[in-house]
Amino acid sequence: MIRFSDIVGNPVMDTSTATTVGKVEAPIIDPVTRRVIGFRVKKSKGPGDVLLWESLAGLGPDALTVSSADQIAEAPAELKDRSGKKLDVLKRAVLTDHGHPLGKVRDVEFDPADGRVTSLMLKDSFVDGTRLLGIGKYAVVVTG
Amino acid sequence: MSVLLRAAELVKRPVVTLAGDDVAQIKDVVYSSATGELAGFTLNGRGVFAGPMKKTLPWSSVHGLGPAAVMIRDEDSLADRHAFDGELEGAGGAVIGSVVLTQSGRNLGAVTDVILSVSEKITDAVGYEIEPSDKSAPRRQFVPLPDALAVSGEALILPDTALDFIRDDLAGFGAAVAEFRSHLGKHDTQPPGESGTPAFDRGETTPPEPPSYRPAAPGEQQ
């Protein structure tokens with residue numbers, strides 16, 4: 001399992017030129033499939049700032065690797081909102097579907113093999129990734 | 001499990017979809033004029049400058065009601081403004097501020113808030129918080145409501161037996177309501193004792209902090 005805190009800020013390396021082409025800014029989670037579907041990249045040398053999961057060459061503890069800087073592209077239309085800053089999951093409040101507050105998301109743990117979110121880590125509790133219902137601009141909603 | 005809460009506490013609470021977006025906030029509580037049950041909510045937009053919304057939220061569309069938010073499935077759960085024609089809006093409407101009279105004509109005080117009992121599916125107005133007309137009485141009292149009561153106009157008429165079930169705090173009020181209703185021959189309320197603790201504190205309380213000050217043991221000088 002890998003945590004967001006382990007990879008945020010890590011460099012994105014282009015394996016063809018062995019240069020840094022960006023830095024991981026934030027992971028992008030699809031609440032429907034409950035998977036990490038990509039990463040937002042800052043200081044990107046590619047045409048956009050979104051690196052989709054399929055475009056990754058490697059996901060290691062010290063760097064993400066891509067085959068070329070062009071893999072860091074504009075977000076596809078259906079992911080425009082989802083990849084934006086306004087829907088970042090970290091520091092967002094967590095509510096149950098009955099309206100009870102659980103705290104804020106401190107960290108997220110996911111499976112590096114397929115991107116499956118295994119748990120949301122709050123201040124002093126864990127929420128299993130399978131309880132994830134939605135990630136909105138107000139809150140992350142989980143089953144109660 | 002049912003919990004008791006004041007209707008006024010719901011005002012300004014955000015309305016959040018299961019996708020996590022806040023689409024509105026509660027403007028006011030609407031009661032059914034026939035039964036006194038909660039009919040739903042009128043809404044304001046979110047944000048400092050947002051005004052009243054044309055949409056309303058019927059109680060039947062509420063997915064969950066918690067201390068932090070009113071949850072709905074999605075934006076389609078909101079109804080249009082005509083859903084509540086003929087019903088009573090809480091503050092500024094007929095309920096808050098009206099005088100509570102017993103059947104024999106004693107004035108108990110003016111309504112300051114409505115106490116709701118919230119369980120998984122049913123929400124019912126179970127009592128009123130009143131400011132007693134008797135100045136020697138506590139500042140706030142809670143009077144139970146019969147199961148069905150027409151709330152309208154300037155005064156609310158309660159049976160004389162309601163006098164025995166007035167409480168000074170919410171803690172024992174849940175049981176008093178159940179007792180009062182069974183006294184009136186209605187048995188479809190929650191068993192007493194189930195709502196024995198003040199509901200809105202539940203889930204938000206933190207365990208008492210251990211005292212941080214500890215006298216230094218001998219020989220432990222800085």
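Leaving aside neighbours within four places in sequence, which residues is A:Thr96 in contact with? They are A:Leu102, A:Val141, A:Val142, A:Gly144 and B:Met71, where contact means heavy atoms within 4.5 Å. Keep in mind that this is a predicted model, where local features need pLDDT of at least 70, side-chain atom pairs count only at pLDDT 80 or more, and totals for chains, interfaces and linings use all residues. Residues are numbered from 1 along each chain as its sequence is written, chains are lettered from A and ligands numbered from 1 in the order in which they are written, and side-chain values use heavy atoms, with hydrogens and water left out.

**A:Thr96 in its setting**

- A:Thr96 sits in strand S9 (residues 93–96) of chain A; helices (H or I, at least four residues) and strands (E, at least two) are DSSP runs, numbered from the N terminus.
- With a relative accessible area of 7%, A:Thr96 is buried; buried means under 20% relative accessible area, exposed over 50%, and partly exposed in between (1.4 Å probe, protein chains only).

**Nonpolar cores**

- The largest nonpolar core has 38 residues; such a core is a set of buried Ala, Val, Leu, Ile, Met, Phe, Trp, Tyr and Cys residues joined through side-chain atoms within 4.5 Å.
- Those with the most contacts inside this core are B:Val15, B:Phe41, B:Leu43, B:Leu57, B:Leu116 and B:Tyr128.
- A second, separate core of 31 residues includes A:Ile2, A:Val12, A:Leu56 and A:Leu120.
- As background, nonpolar side chains in soluble globular proteins tend to be buried together.

**Strand S4 of chain B and its partners**

- Seven of the seven residues of strand S4 (residues 38–44) of chain B are buried, so the strand is largely enclosed by the rest of the structure.
- On one pairing, strand S3 (residues 22–31) of chain B runs antiparallel to S4(B) over six bridges; two strands pair if DSSP finds at least two bridges between them.
- Within that pairing, B:Ile26 has B:Leu43 in S4(B) as its bridge partner.
- S4(B) is also joined by four bridges to strand S5 (residues 52–58) of chain B, again antiparallel.
- Here B:Phe41 has B:Leu57 in S5(B) as its bridge partner.

**Aromatic pairs**

- Over all chains there are six aromatic pairs; rings of Phe, Tyr and Trp (its six-membered ring) pair if their centres lie within 6.5 Å, with planes under 30 degrees apart counted as stacked, over 60 as edge-to-face and the rest as tilted.
- B:Phe142 and B:Phe173 make a tilted pair, 5.6 Å centre to centre with 45 degrees between the planes.
- That pair links distant parts of the chain, 31 residues apart: B:Phe142 is in strand S12 (residues 141–144) of chain B and B:Phe173 in helix H1 (residues 173–183) of chain B.
- Both B:Phe142 and B:Phe173 are buried.
- B:Phe165 and B:Phe180 have ring centres 5.5 Å apart and planes at 55 degrees, so they count as tilted too.
- This one also links distant parts of the chain, with B:Phe165 in the loop between strand S13 (155–158) and H1 of chain B, and B:Phe180 in helix H1 of chain B, 15 residues apart.
- Both B:Phe165 and B:Phe180 are buried.
- In chain A, ring pairs tie A:Phe4, A:Phe39, A:Trp53 and A:Phe110 into a cluster.

**Positive phi in chain A**

- Most residues other than glycine have a negative phi.
- A:Ala18, not a glycine, has a positive phi of about 60 degrees; A:Ala18 lies in the loop between strand S2 (11–14) and strand S3 (19–30) of chain A and is exposed at 59% relative accessibility.
- A:Arg34 likewise has a positive phi, near 60 degrees; A:Arg34 is in the loop between S3 and strand S4 (35–42) of chain A and is partly exposed at 29% relative accessibility.
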